[in-house]
Amino acid sequence: MDWGFIDVGTSAGGTYRLACFVMVCHHCGMCYIEFFTNARQENLFIGMLHAFQMMGIPSYVLTDNMKSVVIRRASDGSPIWQKDYERFMNTVGFETKLCKPRHPFTKGTSERLVRFVKENFLPGRIFTELTDLNYQADHWCLEQNNRYHQSHDCVPFQMHGKECSQKTTRLELTDEIRFYLAPERTISFDGFVAYEGRRFGVPYAYDQKTCRVMRDGYTLYIYDQKMQYELTHHNVTWSRKDSFCADQYPKLEPEEEPTAPVKASIYQKESSCHDPWFDQFNLEEGRWHE
């Protein structure tokens, strides 16, 4: 697995950067790619789990020395894993092997996939928002996985189903794994959570300080901290405007209504522009007051 980065130009003339997660089966060449707003560790976990759902959980994953994977190497050369990544490995059930520093041959398959994505998938690519780009990426991966690959002398989808699937295990979405698909977020004082550069409302009745957020296509789901129930969901329009939800703010204080017909009435006239405070300085009418 590896990360790649691309710059996206907008119709307004600006640019921003996207991160592309890639994973490829070394045996048959079956590939998976997904785009994220950044290459943070939580997105690494989401990308890996999505790839495992399609290809199965392998015995080990080969990657380079990412900061979100390994902290450093011990004196004997053994890796000291980043604690969250180590917990993720133990939860999902796979091992990780690190590439030798400055030795691109050991990770050439994924690096070639990143280059292939940049040379084959990205040129001339036009999309409306990140979800649309990932839908196009899924369609592109489906085409590539069903084509004959001369380098592996097979059709990846067919070979993976016959041989590779026997060496992988199926990903079961347990409660612990679902936590990685829904990262934790802190609720702001005005009742919003930030996710992928946008803010989404949380119901006022939820009294905890944190919740969990998961986006599935064009729908964003907000769960309680333990993911026992859904708080609300939003339609992801990718607009920069805040997305409000029902019951995000408390209802107004109770107001009394008349129980009998109202008979009392008074009259209000239009207010004049005259300010009576200046009358004390009106010398001509003798209204000077000390």
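Which residue forms a salt bridge with Glu-42? Arg-185 does, and the closest N and O atoms are 2.6 Å apart. Before I go on, a word on the model. This is a predicted model: local features need pLDDT of at least 70, side-chain atom pairs count only at pLDDT 80 or more, and totals for chains, interfaces and linings use all residues. Residues are numbered from 1 along each chain as its sequence is written, and side-chain values use heavy atoms, with hydrogens and water left out.

Back to the salt bridges. Here the term means a side-chain nitrogen of Lys or Arg within 4 Å of a carboxyl oxygen of Asp or Glu. Side chains of opposite charge can pair when their charged atoms come close. A search of the whole structure finds seven salt bridges.

Glu-42 lies in helix H1 and Arg-185 in strand E8 (residues 184-186), so this pair ties together parts that are 143 residues apart in sequence. Helices (H or I, at least four residues) and strands (E, at least two) are DSSP runs, numbered from the N terminus. Are the two partners buried or exposed? Glu-42 has 21% relative accessibility, so Glu-42 counts as partly exposed. Arg-185 is buried, at 14%.

Next, Arg-215 and Glu-196. Their side chains meet in a salt bridge, 2.8 Å from N to O. Arg-215 is in strand E11, and Glu-196 is in the loop between strand E9 (192-195) and strand E10 (198-201), 19 residues apart. Both residues are buried. There is also a network: salt bridges that share partners join Asp-190, Arg-199 and Asp-242.

Now Arg-17 and Asp-7. This salt bridge is 2.9 Å, N to O. Arg-17 sits in strand E2 (residues 15-24) and Asp-7 in strand E1 (residues 2-9), ten residues apart. Both are exposed.

On to the rings. Rings of Phe, Tyr and Trp (its six-membered ring) pair if their centres lie within 6.5 Å; planes under 30 degrees apart count as stacked, over 60 as edge-to-face, and the rest as tilted. The whole structure holds 18 aromatic pairs. Take Phe-45 and Tyr-180: the ring centres are 5.3 Å apart and the planes are at 85 degrees, so the pair is edge-to-face. Phe-45 is in helix H1 (residues 41-55) and Tyr-180 is in helix H6 (residues 175-181), 135 residues apart. Both are buried.

Compare Tyr-135 and Tyr-218. That pair is tilted, with 5.9 Å centre to centre and 55 degrees between the planes. Tyr-135 is in helix H4 (residues 130-145), and Tyr-218 is in the loop between strand E11 (210-216) and strand E12 (219-223), 83 residues apart. Tyr-135 is partly exposed at 44% relative accessibility. Tyr-218 is partly exposed at 34%.

Ring pairs also build a cluster. Its members are Phe-45, Phe-52, Trp-81, Tyr-85, Phe-88, Phe-94 and Tyr-180.

The cut-off is NZ of Lys or CZ of Arg within 6 Å of the ring centre and within 35 degrees of the ring normal. Arg-199 lies over the face of Phe-192, 4.2 Å from the ring centre. The charged end of Arg-212 sits over the ring of Phe-179, 4.5 Å from its centre.

Key:
Buried < 20%, exposed > 50% of the residue type's maximum accessible area, 1.4 Å probe, protein only.
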